[in-house]
Amino acid sequence: MKIVIVGGGAIGMMQARELALAGCEVVLLERHMCGREASWAGGGIISPLYPWRYSPPITALSTWSQEYYPNLVQSLEAESGIDPQLTRTGLLVLSIDDRERALAWSRDHQLWLEEVSSEQIYQLEPSLRSGFNEGMYMPQVGSIRNPRLCQALRAILLGLPNVELKENTEVLGIQQSKGQFECVKTQSEAIYADACIVTSGAWSGGLLESLQMCLPVEPVRGQMVAFQANPGDVSRIVLDHGKYVIPRRDGLVLAGSTLEYVGFDKSRTEEAKHELVDIARSMIPALAKAPVVEHWAGLRPGSPNGLPFIGELPNVERVFVNAGQFRNGLVLAPASVNLMTAIILGQEHVIDRSPYALEGRIGQEAELPAEDPVSL
Ligand SMILES: Cc1cc2nc3c(=O)[nH]c(=O)nc-3n(C[C@H](O)[C@H](O)[C@H](O)COP(=O)(O)OP(=O)(O)OC[C@H]3O[C@@H](n4cnc5c(N)ncnc54)[C@H](O)[C@@H]3O)c2cc1C
């Protein structure tokens, strides 16, 4: 089976690798260079923030991915020689006002979340400012160095004999004939295949307009900053009032992020930079001595309630979508991709596919909420 995939972010590249390993012939088309949009800009936390505030279908994908990530990363490193640095630091969540809900979620899903006292908080993260009396801790959670994840995926795809990776190739439209996928069109050619998967992140909706479909995925800008601290200065991912710090192995500490509905505008603002720097330094006073070495912005593929679209278009056979992972595309990627592979190859999957299906969620004027209710 020949499959054309449009968009080389983490989702598109993982999808290409998985289908190629399953024996398909894959053409991956990327407008610029693979892995340079949201998948590069993200923080790489391998968990939703405040996971108990999300719906069960998100928990199903994130739990599957969290279990799968260690093996995946091992394989990616073996295949590419690049270590994506999956680092299990634990996630410390402070200032929680829905403690009961969090504990009930942890019980229901048998996921490890423990309440921690003031003393335990400072044992876990000695660099925190004083004054925190209670929190929650998820020891299993970690982060991945997502630019490295993308580099590893790209290197692997370049070496796979049944993958054709075409960068600097923008897909201008998808063409159908009699309700079936026919080809994708670029500036210079039409590429015919048995099926097409749209993995174009925040740009997925625009692409489906060529099939007169309205996919409610919209760009949601996120800005982040990075401090150069010393390794070990910060040892956990810490989340307080929706803002977080993420330690990397080399002492880099990422702080994020903003959530801005400003269309396809990736510019960075001084206001956001100051806000993020101030919040991070107030959380971790030692960061006052660490220089700010990076400030960037990316566009998340925002979807209603953060629920991704994974499945076939209702009106055009053999056009599939895997997009709209919103704030959680890095943690949800392995499960989203594995489920999509099962759908395409007609296989069963332990995850029920129906919540992510496109029927009833695409094609009509669907308004995104002005504020994402699960965005904290
Ligand atoms: C600041 C920030 C922090 C984040 N933190 C986290 C986190 O901690 N954990 C987490 O799980 N997630 C996080 N995310 C979300 C995560 O990064 C995204 O959900 C995920 O990367 C989306 O992956 P994607 O492959 O769908 O999209 P993208 O990475 O955006 O890739 C889409 C690709 O499609 C290409 N494309 C678009 N249109 C076309 C076309 N017409 N033709 C060819 N190619 C096209 C683009 O160039 C792009 O390379 C964060 C995001 C941001 C911005």
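## A hairpin to start with

Let's begin with strands β16 (residues 309-312) and β17 (residues 319-323), which run antiparallel and are joined by 4 bridges. Within this pairing, I310 has N322 of β17 as its bridge partner. The hairpin these strands form has 6 residues between them, and R318 takes a positive phi near 70° there. Do keep in mind that this is a predicted model.

## The eight-stranded sheet

Elsewhere, 8 strands make up an open sheet with mixed pairing, in the order β4-β5-β3-β12-β13-β14-β11-β15. On average, neighbouring strands here are turned by 25° against each other, direction ignored.

Inside that order, β11 (residues 218-228) and β14 (residues 252-256) run antiparallel, with 5 bridges joining them. Here Q228 of the pair stands opposite L252 in β14.

## A helix across the strands

Which strands does helix α8 lie across? The helix, residues 270-283, lies across β11, β12 (237-240), β13 (243-247), β14 and β15. Relative to β11, α8 runs at about 50°.

## Around the ligand

The ligand is surrounded by 42 residues, and the closest are G7, G9, G201, G222 and G329. Helices and strands both contribute: α1 (10-21), α2 (38-41), β11, β15 and α9 (329-345) each supply at least two residues of the shell.

Methods. Residues are numbered from 1 along each chain as its sequence is written. This is a predicted model: local features need pLDDT of at least 70, side-chain atom pairs count only at pLDDT 80 or more; totals for chains, interfaces and linings use all residues. Two strands pair if DSSP finds at least two bridges between them. Axes are lines fitted to C-alpha atoms, for helices over the stretch in contact, and angles run from 0 to 180 degrees between N-to-C directions. Two residues are in contact if their C-beta atoms, placed from the backbone, lie within 7 Å. A residue is near a molecule or strand if its C-beta atom, placed from the backbone, lies within 6 Å of it.
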